[in-house]
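Try each one yourself before reading the solution.

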Amino acid sequence: MDLAAAARGVNDSLESHGPITEPLPIVDGGPRAGAAPSDSTTEAEAAPELRRAVARYLDHLVVERGLAANTVSAYRRDLARYLQHLTATAAHVRVPRDITADHVRAFVRSIREGDAAHPALSARSSARVLAAVRGAHAFWVTESSVDTDVASRVSPPMPPQRLPRAIGVTEVENLLAAPDPDTPAGLRARAFLELLYATGARISEAVALDVDDLAGLHDEDLALIRVTGKGAKQRLVPVGSFAGAALDRYLVRARPELARHGRGSPAVFLNARGTRISRQTAWNMVKDAARTIHQEERITPHTLRHSFATHLLEGGADLRVVQELLGHASLATTQIYTRVSVESLREVYATSHPRAR
């Protein structure tokens, strides 16, 4: 039997299924065996080397970068559409080396405009698709399939910048007072809400807090707690007296009762089973309190983070201090809150000055 011919036959049959994301052995440099059918039937019309190049990148995402299956699936769909576009508009493109920056730009324009088979994508969604394309081109450079990363020259569409939604101090106070202080769940919710507003912590950061992170809670001058943010970066954040008192009440009166049902979890915020609360439980605590004051449509956990930053700046805090407290890597990310304060100034001026209009 001609083994080389048999191997080629296996490759030919596999290539019709498009890129593969399973970390299985490669047969003669082709796509990996055991693939699910492609998300796009037109992808099979792309040049074989392009399909193989995309398959190698997807395998890299699975094997070397360990991305989640849903993430890889999204990349796979985006790159299938990319190959479909190249096949339809640039038939001479047979290998990654043939692709130019103009081809990538044309693809971005096409997904922004949409067609009979695809609705037009927003700037944010288009940027996500372009991220998959840019990732593939960067990978092809590292594996020497191409000499230049042409996709790096293509800037993603800029989404309209949305101002963070903050609420007023009175609304914050009403929200914080909403939980029932006579139940363990109510004490937990009050402490959680107070912590979010007092520190500007992300919901994931608050959920991840351990009791040891509160070691500075009873500092005589100003309580400090340790928050672990994105990239496992830690920062010390002050906690005001109101949040400190709410946490103390929860730790003394409610947490021991919740912990009794578990096996000694180090988490600050526990559920009824004595284990760390989930993000969904934390989200529900915020939404339940917002529903109590009839503001469920306006208030999310991030609303308290936005309000924390906005109120600090309106009170005269330095922008770089706010950056540090929020755990932002870039000052540009924090600067959006200065726009919120400017909008607040305009509103006050417009409603207060006798000749503002």
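**Exercise 1.** Leaving out residues up to four places away in sequence, which residues does Gln 234 touch?

Keep in mind that this is a predicted model. Start by placing the residue: Gln 234 sits in strand 2, residues 234-239. Next, list its contacts, which are Arg 226, Val 227 and Thr 228. Now zoom in on one of them: the side chains of Gln 234 and Thr 228 are joined by a polar contact of 3.4 Å.

**Exercise 2.** Work out whether Gln 234 is buried or exposed.

Its relative accessibility is 52%. Exposed means over 50%, so Gln 234 counts as exposed.

**Exercise 3.** Check the span of helix 5 against what you'd expect from its residue count.

Helix 5 runs over residues 123-142, which makes 20 residues. At 1.5 Å a residue, these should span 28 Å. The C-alpha atoms at its ends are 28 Å apart, so the two agree.

**Exercise 4.** Decide whether His 137 is buried or exposed, then find what surrounds it.

First, the number: a relative accessible area of 1%. Buried means under 20%, so His 137 is buried. Second, the neighbours: skipping residues up to four places away in sequence, His 137 touches Tyr 82, Ile 99, Val 104, Val 146, Asp 149, Val 150 and Ala 151.

Key
Residues are numbered from 1 along each chain as its sequence is written. This is a predicted model: local features need pLDDT of at least 70, side-chain atom pairs count only at pLDDT 80 or more; totals for chains, interfaces and linings use all residues. Side-chain values use heavy atoms; hydrogens and water are left out. Helices (H or I, at least four residues) and strands (E, at least two) are DSSP runs, numbered from the N terminus. Buried means under 20% relative accessible area, exposed over 50%, partly exposed in between (1.4 Å probe, protein chains only). Contact means heavy atoms within 4.5 Å. The expected span of a helix is 1.5 Å times one less than its number of residues. A polar contact is a pair of N or O atoms within 3.5 Å; within protein, one must be able to donate a hydrogen and the other to accept it, and residues adjacent in sequence count only if both atoms are side-chain atoms.
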